[in-house]
Amino acid sequence: MDAIAKNHSLSFSLLSEHNTNKGISILRVVNLTKRFDDLTILENFNLTVSPNGFTVLIGPSGCGKSTLFDLLTGVVPKDNGAITWNQHRVDHVGRNAAYMQQKDLLLPWFSLLENAMLPARIGKADRVKSEIKARGLFERLGLAGFENYRPDKVSGGMRQRCALVRTLMFEYDLVLLDEPLSALDAITRYSLQSLLLLLQSDFGKSILMITHDIEEALLLADELIVLTSAPMRIRRRFTLASPKPRRMNDPFLIDLKEHVLELLQEDL
Ligand SMILES: Nc1ncnc2c1ncn2[C@@H]1O[C@H](COP(=O)(O)OP(=O)(O)O)[C@@H](O)[C@H]1O
Ligand SMILES: [Mg+2]
């Protein structure tokens, strides 16, 4: 065990790839393998996501993180391996997971409210009920009064809030977030991080998030997974037990940040 683990053995535990969480899982990936021509992106990749957990993936650019999400959602077919959803084997979790990316993917010709209600419209949900739900979420996420604005008339932070409302309009237990805040300025990002915590605490979602921002990872994660470059493997898995919201002035987080940075630099 390295020094940081000894120093903070009460605060977090280190688990190797072969000693992943054996408890109950909402999502489990076993020996997932994917190649693009000669390039092996994933080879026997394993991952477990706990119900109502906040799992954060951090790794070098191009290591295969977004590809993992494409495989999970069925956008790209896997070559090999298994995905289980609530202990049942599935081809992908595209129908069980909401997916939010760096680009907000709002439709420019629709208002924010209409954008947020798109999933309900596609799913043929009751329009009145879904509008009540969307308006409630606009209120909750600080967008009240902006329902009829078009996306190009509001800030990047507000567009991402709207995308978050849309994510919550899906009645899905799992939310996949692929660097959702990385295009935003630091202050906006900070306020949206608090909203991401609400997804877990108030809406009961399980979250699997990709980020390249170590501080963001440390502030949000229950499980922090540091990845290697392609073919992507789990380099180290940390369980962070400290309560949220967290602040980066916590000495434990400051030490852990250094440690994660070292792990990531080993791969450069
Ligand atoms: N559809 C595809 N066809 C060919 N190569 C791809 C495709 N999607 C991703 N790749 C390659 O796979 C590697 C991993 O990409 P990606 O998963 O986007 O990385 P990350 O999200 O970790 O930055 C990159 O080298 C990328 O060029
Ligand atoms: Mg990516």
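Reply: Pro 231 sits in the loop that runs between strand S10 (223-227) and strand S11 (234-240). The model is predicted. The peptide bond joining Ala 230 to Pro 231 is cis, with omega at about -5°.

Most peptide bonds are trans, and most residues other than glycine have a negative phi. Asn 31, in strand S2 (residues 27-36), has a positive phi near 50°. Its relative accessibility is 35%, so Asn 31 counts as partly exposed. Asn 44, in strand S3, also has a positive phi near 50°. Asn 44 is partly exposed because its relative accessible area is 41%, which falls between the 20% and 50% limits.

The largest nonpolar core contains 51 residues, and Leu 196, Leu 224 and Val 260 have the most contacts inside it. Helix H6 (residues 156-169) supplies the largest share of this core, 7 residues. Beyond its neighbours within four places in sequence, Leu 196 touches Phe 54, Leu 164, Leu 177, Pro 180, Leu 181, Ile 207, Met 209 and Leu 220. A separate core has 28 residues, including Val 29, Leu 72, Ile 210 and Ile 234. In soluble globular proteins, nonpolar side chains tend to be buried together.

Leu 72 leads on to helix H2. Of the 8 residues of H2, 6 are buried, so the rest of the structure largely encloses this helix. The buried ones are Lys 65, Thr 67, Leu 68, Phe 69, Leu 71 and Leu 72. Just after H2, Gly 74 has a positive phi of about 80°. Leu 71, Leu 72 and Gly 74 are among the residues in contact with His 92, together with Thr 73 and Ile 83, once neighbours within four places in sequence are left aside. His 92 belongs to the loop between strand S6 (88-90) and strand S7 (97-101). Within that part of the chain, a polar side-chain atom of His 92 is 2.9 Å from the backbone nitrogen of Gly 94. His 92 has 25% relative accessibility, so this residue counts as partly exposed.

The residues around the ligand are Phe 36, Leu 39, Ile 41, Ser 61, Gly 62, Cys 63, Gly 64, Lys 65, Ser 66 and Thr 67. By class, this shell has 4 nonpolar, 5 polar and 1 charged residues. Oxygen atoms of ligand 1 lie 2.7 Å from a backbone N or O atom of Gly 62, 3.2 Å from a polar backbone atom of Cys 63 and 2.9 Å from a polar side-chain atom of Lys 65. On its own, ligand 1 has 570 Å² of accessible area, and the protein covers 56% of that. Strand S3 (39-49) and helix H2 (65-72) are the elements giving two or more residues to the shell, and H2 provides the largest share, 3 residues.

Technical notes:
Residues numbered from 1 in each chain as written. Chains lettered and ligands numbered in written order. Predicted model: local features only at pLDDT ≥ 70, side-chain atom pairs only at ≥ 80, totals over all residues. Heavy atoms only, no water. Near = heavy atom within 4 Å. Polar contact = N/O pair within 3.5 Å; in protein donor to acceptor, adjacent residues only side chain to side chain. Areas by Shrake-Rupley, 256 points an atom, 1.4 Å probe, with all protein chains shown as cover. Helix = DSSP H or I, 4+ residues; strand = E, 2+ residues; numbered from the N terminus. Nonpolar A, V, L, I, M, F, W, Y, C, P; charged D, E, K, R; others polar. Buried < 20%, exposed > 50% of the residue type's maximum accessible area, 1.4 Å probe, protein only. Contact = heavy atoms within 4.5 Å. Core = buried A, V, L, I, M, F, W, Y, C linked by side-chain atoms within 4.5 Å.
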